[in-house]
Amino acid sequence: MSTLFARVFRQAWATFEHTGAGDAKFASNLNALRRLVDQLTLADIGLEPSLVATETFQQPTKAPCTYVGVFENDRFAMSVFVLRENYTMPLHDHPQMHGLLRVVSGAVQICSYSEIARRDTVEPRAEGGTLRRHVLVVAEPEKIISSAAGDCAVLTPTERNFHEITAIGGPAAFFDILSPPYNTASQPQYYFYRKVPVPRHLAEMEPLGFGGPDKPSAQEDERPRYVLETIPNPEHYYCDTVHYATPEFMYQQAEGGGGGGGGGV
């Protein structure tokens with residue numbers, strides 16, 4: 001693990017100690033964190049190139065995705081995902097999260113969507129109700145990001161927080177920071193989705209049918225619109241897990257509760 005990665009961790013701690021979309025200090029800290037994350041490499045994190053080798057994914061029992069849990073507390077989570085060439089991590093959401101995604105090996109294509117409004121219904125079943133969610137979204141421009149320096153993707157609680165990620169030109173690995181992390185008491189469950197065209201009757205109902213009077217109308221926003229519909233966890237999406245030897249200073253920081261000193265790079 002490099003000095004740069006230690007700086008990323010400490011800046012993440014300072015950034016997500018207190019979060020607020022309208023908080024100038026938070027925005028400054030987030031920009032500082034992004035500038036650091038923009039520079040990360042696989043070696044900085046302390047991972048071997050064999051993790052992303054084509055030969056690794058040619059093993060008959062190998063999952064299409066490898067997950068490396070780097071660090072997690074109740075403020076933020078750091079992890080690395082490695083995708084087989086041409087494999088797409090299914091469309092999913094990051095509810096109420098800030099996130100940074102940095103490709104540390106290879107390249108990925110990201111298709112992102114921003115929510116306009118949603119409609120939830122609960123379908124009765126014998127073992128309990130099942131949530132069925134429809135989310136009206138706008139498609140953001142597709143983005144290809146690589147391990148070249150200065151190429152980081154950012155999502156916010158309201159922008160680009162639905163996405164699918166495809167490894168292109170070979171296996172790819174990306175590092176991400178999410179805040180708040182999944183699996184916390186305050187964090188809603190995440191869902192997988194399929195994309196469908198906006199039905200005419202829903203398009204005509206907007207914004208009354210979906211809500212969201214503060215959102216731009218279709219006439220004001222020329223980006224493509226879709227409805228995302230919740231689906232069960234896709235059977236093709238499963239991961240192998242690789243153990244990560246989390247540096248001791250991360251635990252010491254977590255136990256001490258202090259310190260990152262925000263803002264500086």
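Visitor: Why is Pro 90 called buried?

Guide: Buried means under 20% relative accessible area, exposed over 50%, partly exposed in between, with a 1.4 Å probe and protein chains only. Pro 90 has 7% relative accessibility, so Pro 90 counts as buried. The model is predicted: local features need pLDDT of at least 70, side-chain atom pairs count only at pLDDT 80 or more, and totals for chains, interfaces and linings use all residues. Residues are numbered from 1 along each chain as its sequence is written, and side-chain values use heavy atoms, with hydrogens and water left out.

Visitor: Where does Pro 90 sit, and what does Pro 90 touch?

Guide: Pro 90 is in strand β3. Strands (E, at least two residues) and helices (H or I, at least four) are DSSP runs, numbered from the N terminus. Leaving out residues up to four places away in sequence, Pro 90 touches His 163, Glu 164, Phe 192, Pro 234, His 236 and Tyr 237. Contact here means heavy atoms within 4.5 Å. Pro 90 and Thr 166 are 76 residues apart in sequence, yet 8.8 Å apart in space, C-alpha to C-alpha.

Visitor: What makes Thr 156 buried?

Guide: Its relative accessible area is 15%. The limit is under 20%, so Thr 156 is buried. Thr 156 lies in the loop between β7 (152–155) and β8 (162–179). Beyond its neighbours within four places in sequence, Thr 156 contacts Met 97, His 98 and Asn 161.

Visitor: How far is the backbone nitrogen of Glu 159 from a polar atom of the side chain of Thr 156?

Guide: The distance is 2.9 Å. A polar contact is a pair of N or O atoms within 3.5 Å; within protein, one must be able to donate a hydrogen and the other to accept it, and residues adjacent in sequence count only if both atoms are side-chain atoms.

Visitor: What makes a space a pocket, and how much space lies in the largest pocket?

Guide: On a 1 Å grid over the protein atoms alone, a pocket is an open set of points with protein on both sides within 12 Å along at least five of seven lines, where a cavity is a set where a 1.4 Å probe fits but cannot get out. Lining residues have an atom within 4 Å of a point. The largest pocket holds about 490 Å³. Its volume is the space filled by probe spheres set on the points, which are joined across faces, edges and corners.

Visitor: Which residues line the largest pocket?

Guide: There are 26, with Tyr 67, Ser 79, Phe 81, Leu 178 and Tyr 182 nearest its centre. β8 gives the most, five residues. By class, the lining has 17 nonpolar, seven polar and two charged residues. Ala, Val, Leu, Ile, Met, Phe, Trp, Tyr, Cys and Pro count as nonpolar, Asp, Glu, Lys and Arg as charged, and the others, Gly among them, as polar.

Visitor: What is the volume of the second largest pocket?

Guide: About 210 Å³. Of its 13 lining residues, Ser 112, Lys 143, Ala 153, Val 154 and Arg 160 are closest to its centre. β7 gives the most to this lining, four residues.
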